Structure formats: C-alpha cells, structure tokens
Amino acid sequence: MTALPPGSTIGILGGGQLGRMLAMAAAQLGYRCHIYAPPGDNVACEVAADCTIAEYDDLAALKAFADACDVVTFEFENVPVEPLRSIAHTVPIHPPIQALEVAQDRVEEKEFVRKLGGETAAFAVARSEIEVEDAVAVVGTPAILKTIRMGYDGKGQVRVSAQSDLASAWRRAGGQPLIAEAMVQFDAEFSVVLVRSADGEIRFWDSPRNAHENGILATSTLPAGPLIESQQASARVMAAAVADALEYVGVFTAEFFASGEGPLFNEIAPRVHNSGHWTIEGAETSQFENHIRAICGLPLGSTATIAERVEMQNLIGKDGERWLQLLGDPAANLHLYGKAEAREGRKIGHVTRLYR
Ligand code: AMP
C-alpha cells in the first residue's frame, strides 16, 4: 500500500467522539477529514474540514462523499453495509466491510470467533418470541438476552432469571431476534486493542482492566493485575487470528471476560474503542494516530505504555459538570466531546491520569 501524502482527505463515517478524536489525530499528521453522518449531535464535524449530513443509505450523497475522499474509514459499527458496497470500487475502505458485517451480527461474530478456535459463552438464538423459552433452556439461568443486531453500551440487553416472565423480557429487549447468552461468572473484564497494517504487521497496546456500570464502560486501568496479565497472551492470539482472517487494516478491539478458566471472548469492535482512550497520553502512539497511520499506509507507531499506572475514567451524563474541578487536578488530562446535551448514560468526555 503506498503512503497517502499529507493534505489528502480521509472520509470518516460517523460523527461522534471517536470520529472527533480520529480527526484530531489526522490533523496532526497533515490530513483533512470529511465526516459523513446522519443528522444529530455530530461533534466530529466541529474539528473536521468538511461534513456531509445525510442518511447512510442516501446513495447520491454517499457517492459525492466517496469522490471527495482518498480513503474512507468508520467510527460507528452500525453503518449499514449495503450502501457502503456501492462506493467500494471508488475509494479504498479500511477496515474492510466484512469486519462491519461480522461485528453487526452477534451470531455471526461468535461463530466467526469459534471457527478460529476462540471460546465464547454458551448461546442460543431466538428469532421469535416463542423461541425464547427454548433458547434460555439451552443456556440455563441466569442468562442475558441480547438483540442480534444494533446493540451497544448495554442497549438491547435484558437479564433473566428462572423466575422471569420471558414474554415481557422479549418485549423489553426490543421484540426482535436475539441471542440468549449464559451469564458468565467472570472475575474481571479486559480488552485487546491492536492495530494491523495493510501488510499484516500487528502491534498491541497493553490490555487494561475494564469496569462497566449499567453495561457502559466506566474505567480502564493499567496495570490490569495478575489474572488479566496471565490471560493477555492467549487473548492476543485470538484477537490477532480474527484480524488476520478479516485482512483487517486499522485499529481492532476484542473484549474478553477473565475467569479461572481462561479468557472468554465477548465481542469485537471494528474500530477505535473507548477502552483505548488511555493511549492518548499513556502510550507512545495513541490508538487514534495508529488507526490513521494504518489506513493511510504509513509506518505504525510504537504502542508501548509510558507510565507505571494509567487510569481512564469516562464522564457520563452529569459527570461532565465537574469539568472545572477536574481542570484543577494536575494529574488529570481532561477530554470533553462538545456534546450539546448531557443526557443520562451519554458519554460526555473522559479523564486520563498517569502515575509514573
Ligand atoms: P456487551 O454489549 O456484550 O459488551 O455487554 C456489555 C457488558 O455487559 C459487558 O461488558 C459485561 O459487563 C456485561 N455482560 C455482557 N454479556 C455478559 C455475559 N454473558 N455474562 C456476564 N456479563 C455480561
């Protein structure tokens, strides 16, 4: 892959905070970014050279966008795949469309990982309400019902016990095809964030310990502790096998549960990830810069951690009101995403603290 010269235009599908931080990293390397996103609070547009506001299936707008870009990437994993195919012959798209396809479907995702030797929680599919009871019986209780498509940050997820009313659980999960997943008794959660170049070179950042609250990431911490450290190597092998099989280019994330039985794969994200935000200050090269490097055909940067201890804390909803107080803490690196509304459960920003 020949290196894209500075001054070229990178198209980013999705207008959220991940696109915003990608555009900031791209600007540092001399690139222009063009955001494409449906109407909404598109905070990435505030730091980009161009912005197209249109639906993902607006083929005319998508074609004009593709014509204006030298490479296209995405920051949102639910970008519909079919419209993207219509521009694939016009402009290189990294990561590959297949990575989106796999990540958008929890069944396909788990089967893809299992075929490559990865282990996942037991699961069973329910495509209609009458199939829920059988699916839950297969995995046992307690279980988690998850919509097969369009789930993220714990949305579209319902926990059920032996006493639960499954008809109401089906409705609460959105009344659409779902998987029943066995509840994993994990000791900790962690992620493997890696970057893969077009020629297949892979570099890994250290795996942080991730703590979730209400299905949303709350903190990522390094060092991750002995259990995660002992499982990082096999999780990396699994994550790299998936990235290789997809001929992936860019930053790729795989989330795992750590327990006494070894790492259990949870899900993949075909993009930069919240659990990699600590890399902006805590690593020699951030996930955002290395994503830009990979998709533009530049040499990858070092992923080494540069502090003894790193803590990334998400600012969710009203947490953002603490911004002035946080700025008074000399250890805190504050990132605010410029969102218009601090709705409950919404990621407003994050803070990273390094301890050397
Ligand atoms: P997900 O959207 O699948 O990443 O789920 C969000 C969070 O819910 C995970 O990070 C876990 O904390 C929790 N979770 C999801 N699936 C399971 C499971 N099978 N067993 C236990 N906890 C889970």
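This is a predicted model: local features need pLDDT of at least 70, side-chain atom pairs count only at pLDDT 80 or more; totals for chains, interfaces and linings use all residues.
1. Within strand S4, Val71 and Thr73 point one way while Val72 and Phe74 point the other, and all are buried, where buried means under 20% relative accessible area with a 1.4 Å probe and protein chains only. In a regular strand the side chains alternate between the two faces of the sheet.

2. Residues are numbered from 1 along each chain as its sequence is written, and side-chain values use heavy atoms, with hydrogens and water left out.

3. Strand S4 belongs to an open sheet of four strands in the order S3-S2-S1-S4, with parallel pairing, two strands being paired if DSSP finds at least two bridges between them. Strand S3 (50-53) and strand S4 (71-74) stand at the edges with a single partner strand each, so one side of each is left without a neighbour in the sheet. The twist averages 20° from one strand to the next, with axes as lines fitted to C-alpha atoms, for helices over the stretch in contact, and angles running from 0 to 180 degrees between N-to-C directions.

4. The pairings of S1 in this sheet can be given by residue. Strand S1 (residues 9-13) is joined to strand S2 (residues 32-37) by five bridges, the two running parallel, and Gly11 stands opposite His34 in S2. Helix H1 (residues 17-28) packs on the sheet and touches S1 and S2, its direction making about 170° with that of S1; contact here means heavy atoms within 4.5 Å. Four bridges join S1 to S4, also in parallel, and the bridge partner of Leu13 in S4 is Phe74.

5. Another open sheet of four strands has the order S5-S8-S6-S7 and antiparallel pairing. Strand S5 (123-126) and strand S7 (157-160) are its edges, each with a single partner strand, so one side of each is left without a neighbour in the sheet. Neighbouring strands of this sheet are turned by 25° against each other on average, direction ignored. Four bridges join strand S6 (residues 143-147) to S7, and Lys146 stands opposite Gln157 in S7.

6. Two helices should be read together with that sheet. Helix H5 (residues 106-115) packs on it, touching S5, S6, S7 and strand S8 (178-182), with its direction at about 150° to that of S5. Helix H6 (residues 132-139) lies across S5, S6, S7 and S8 and runs at about 180° to S5.

7. The second largest pocket has a volume of about 260 Å³. A pocket is, on a 1 Å grid over the protein atoms alone, an open set of points with protein on both sides within 12 Å along at least five of seven lines, and lining residues have an atom within 4 Å of a point. Its lining has 16 residues, of which Met21, Met24, Ala25, Ile280 and His335 lie nearest its centre. Helix H1 gives the most to this lining, with five residues.

8. A search of the whole structure finds two cavities of 30 Å³ or more, a cavity being a set of points where a 1.4 Å probe fits but cannot get out. The second largest cavity, of about 30 Å³, is lined by Met238, Ala239, Val242, Phe252, Ala254, Phe256, Phe265 and Ile268.

Conventions: Grid points are joined across faces, edges and corners, and a volume is the space filled by probe spheres set on the points. Buried means under 20% relative accessible area, exposed over 50%, partly exposed in between (1.4 Å probe, protein chains only).
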